[in-house]
Amino acid sequence: MRDTLVLNASFEPLSTVTLNRAVVLVLQDKAVVEQAHPELRMRGADVDIPAPRVIRLCRYVRVPFRRQAPWSRRGVLVRDRHRCAYCGRRATTVDHVLPRAQGGQDTWLNTVAACAEDNHRKADRTPEQAGMELLREPFEPTPADAMLLALGQEDFAALPEWLARDAA
Ligand SMILES: [Zn+2]
C-alpha cells in the first residue's frame, strides 16, 4: 500500500491519494510533506524527493464529505480519470447514460466520461439501444475525488509520464 494520507491545512485527515498524486500536489506547491517514507524516493527528470507518507495542504479546503459533491461535467471527467466508459480511451466529453432526450438527468449516477467518437455514436440512445457496453458503472465520487476537485486538480492527463504511470 503506497497511498499517501492527505491532511487539511488545519491538520484534519481528509483522504488518501496515490503516491504519484501526492508528489504532484507537493511539486505544485499545493501541499507540504509532513512525513516521508525513510527509504523511498521519487525520481524523475528534474525531481528527486523523499516519497511522502503524509502531506498537508497549504490552504484549507472545504470538502463535502457528508453531503453529495455537486455534479459537474468537470467532476465526471475527474471521477472517471478522463477515460471513456465505453472504450477506455481518453475522454473529453460527458455522456448521459439515459439520454437527456429520454428524460436523463445531470447526476453522478447517470453520467460517464466518454470519447467524442463514442458520444457521437451513442447519440440519443441508451447503451442497450446503441448496442454499447459500459466498462464500469457510474458511481458517486469518492472523498479523494471531491478533494482533488476542490483543489482544481482536474487535469490528470497533464501528469508527467513517470508520475502518471500508476496515477490512474
Ligand atoms: Zn470511447
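Author: Helices here are DSSP runs of H or I with at least four residues, strands are runs of E with at least two, and both are numbered from the N terminus. Keep in mind that this is a predicted model.

Reader: How many helices and strands does the protein chain have?

Author: There are six helices and six strands in the protein chain. Read from the N terminus, the order is β-β-α-β-β-α-β-β-α-α-α-α.

Reader: What follows α1?

Author: Helix α1 covers residues 19-27. After α1 comes D29, which has a positive phi near 60°.

Reader: How many of the nine residues of helix α1 are buried?

Author: A residue is buried if its relative accessible area is under 20%. Eight of the nine residues in α1 are buried, and the helix is mostly covered. Among them are N20, R21, A22 and V26. For the protein chain of 168 residues, the buried share is 45%.

Reader: Is β4 enclosed or open, and why?

Author: Strand β4 spans residues 48-57. Seven of the 10 residues of β4 are buried, so the rest of the structure largely encloses this strand.

Reader: In which sense do β1 and β4 pair, parallel or antiparallel?

Author: Strand β1, residues 4-7, pairs with β4 in the parallel sense, over three bridges. Within β4, R56 is the residue opposite L7. Strand β3, residues 31-43, runs antiparallel to β4, and eight bridges join the two. A31 faces L57 of β4 across that pairing. Four residues make up the hairpin that links β3 to β4.

Reader: What does I55 touch?

Author: I55 is part of β4. Because its relative accessibility is 0%, I55 counts as buried. Leaving out residues up to four places away in sequence, I55 touches residues including L5, L7, A22, V26, A31 and V33. I55 and V26 are 29 residues apart along the chain, and their C-alpha atoms are separated by 7.9 Å. Across the protein chain, contacts between residues at least 6 apart in sequence join residues at least 24 apart in 64% of cases.

Reader: Is H37 buried or exposed?

Author: H37 belongs to strand β3. With a relative accessible area of 14%, H37 is buried.

Reader: Which residues coordinate the zinc ion?

Author: The zinc ion is coordinated by the SG atoms of C84, C87 and C115 and by OD of D118, at 1.9 to 2.3 Å. Along the chain, these donors follow the spacing C-x2-C-x27-C-x2-D. Two of these residues can be checked for burial: C115 counts as buried at 5% relative accessibility, and D118 is buried with a relative accessible area of 3%.

Reader: What geometry does the site of the zinc ion have?

Author: The ideal angle for four tetrahedral donors is 109.5 degrees. Angles among the four donor atoms of the zinc ion are 104 to 116°, and the site is tetrahedral.

Reader: How many aromatic pairs does a search of the whole structure find?

Author: The search finds zero aromatic pairs. A ring can also be read by what sits over its face: R79 lies over the face of F139, at 5.1 Å from the ring centre.

Technical notes
Residues numbered from 1 in each chain as written. Predicted model: local features only at pLDDT ≥ 70, side-chain atom pairs only at ≥ 80, totals over all residues. Heavy atoms only, no water. Phe/Tyr/Trp six-rings, centres within 6.5 Å; stacked < 30°, edge-to-face > 60°. Lys NZ or Arg CZ within 6 Å of the ring centre and 35° of its normal. Buried < 20%, exposed > 50% of the residue type's maximum accessible area, 1.4 Å probe, protein only. Contact = heavy atoms within 4.5 Å. Donors = N, O, S within 2.8 Å, 3.2 Å for Na, K, Ca; no water. Tetrahedral: all angles 85-135°; square planar, octahedral: opposite > 155°, others 65-115°. Pairing = 2+ DSSP bridges.
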